[in-house]
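Let's walk through this one together, a question at a time. Have a look at the model first, and then we'll start with its core.

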Amino acid sequence: MLRVLFDLILPARCHCCGVELRESERSICHACAQGLPRTSFYLRDDNPMSRRIAGQVEYERAAGYLFYLADSVVARLIHDFKYRGFSHLARDLGEMMGRDLKGAGWLDGIDYVMGVPLHWRRRMHRGYSQTRRLALGLSEAAGMEVSDDLRAAVYHRSQTKISRSQRQQNVEGVFALRNAERYSGKTILLVDDVCTTGGTLVAAGRAIKKGCPDCKLVILTLAVTY
């Protein structure tokens with residue numbers, strides 16, 4: 001009742017263009033959602049993101065959903081849900097991504113989805129984990145179970161202001177998988193917000209495979225740089 005009353009007083013508006021949202025729309029209107037720069041990487045196994053991490057960790061397939069470019073609408077959306085408290089935006093974008101990928105069959109056979117985790121200190125500062133919100137959105141759209149067993153066991157500095165060569169070293173040995181026996185023979189979807197060099201995804205993927213060598217790993221990001 002409170003939400004209905006709030007919507008009457010201050011109707012929800014599109015995060016991109018500001019138009020009042022319809023009942024069927026969440027965070028972004030249909031027109032803006034359709035205009036987002038999709039990569040279509042999930043339609044082909046040999047795609048630029050897959051090649052970016054090839055040979056560094058064992059995985060089944062990998063894709064980025066949207067193209068990321070500095071000062072673009074995608075960059076602004078990610079900045080808003082990472083640093084400005086719009087946690088619902090990450091969940092809604094995760095659900096949008098999940099609907100498209102489920103329709104293409106790309107999510108078939110996945111048992112669990114794990115967001116690349118934040119260390120508890122960074123999560124407390126931010127108030128939430130944006131990758132977990134993405135995972136929740138994917139789960140709503142495609143039905144796989146969200147797992148929190150991948151942990152950031154070591155605090156590390158942000159990846160945003162360090163060089164390409166420093167990024168892999170910055171996250172090496174940071175992640176660890178708990179309750180590894182639970183995932184024996186299962187397929188795990190590892191999700192992150194942005195893939196730049198791929199260093200974070202590789203480190204997190206290695207931790208999963210180290211903990212449970214016989215699981216299958218699928219890698220996905222909301223966005224990927226050119």
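Q: Which residues touch the most other members of the largest nonpolar core?
A: Keep in mind that this is a predicted model. The largest nonpolar core has 70 residues. Those touching the most other members are Ile-28, Leu-93, Trp-106, Phe-175, Leu-189, Ile-219 and Leu-222.

Q: Which element gives this core its largest share?
A: Here we count how many core residues an element supplies. The largest share is 7 residues, and the element they come from is β7.

Q: Which charged residue sits over the ring of Trp-106?
A: Trp-106 is among the core residues that touch the most other members. The charged end over its ring is 5.2 Å from the ring centre, and it belongs to Arg-61.

Q: How are the rings of Phe-67 and Tyr-226 arranged, stacked or edge-to-face?
A: Their centres are 4.7 Å apart. Planes under 30 degrees apart count as stacked. These planes are at 5°, so the pair is stacked.

Q: How many residues apart in sequence are the parts this pair ties together?
A: Phe-67 is in strand β1 (residues 61-68), while Tyr-226 is in the segment after β7 (216-225). The pair therefore ties together parts whose separation in sequence, in residues, is 159.

Q: Are Tyr-112 and Tyr-183 buried or exposed?
A: These two form an edge-to-face aromatic pair, 4.9 Å centre to centre with 80° between the planes. Tyr-112 is in strand β2 and Tyr-183 in the loop between β5 and β6, 71 residues apart. Both Tyr-112 and Tyr-183 are buried.

Terms used
Residues are numbered from 1 along each chain as its sequence is written. This is a predicted model: local features need pLDDT of at least 70, side-chain atom pairs count only at pLDDT 80 or more; totals for chains, interfaces and linings use all residues. Side-chain values use heavy atoms; hydrogens and water are left out. Rings of Phe, Tyr and Trp (its six-membered ring) pair if their centres lie within 6.5 Å; planes under 30 degrees apart count as stacked, over 60 as edge-to-face and the rest as tilted. Helices (H or I, at least four residues) and strands (E, at least two) are DSSP runs, numbered from the N terminus. Buried means under 20% relative accessible area, exposed over 50%, partly exposed in between (1.4 Å probe, protein chains only). A charge sits over a ring if NZ of Lys or CZ of Arg is within 6 Å of the ring centre and within 35 degrees of the ring normal. A nonpolar core is a set of buried Ala, Val, Leu, Ile, Met, Phe, Trp, Tyr and Cys residues joined through side-chain atoms within 4.5 Å.
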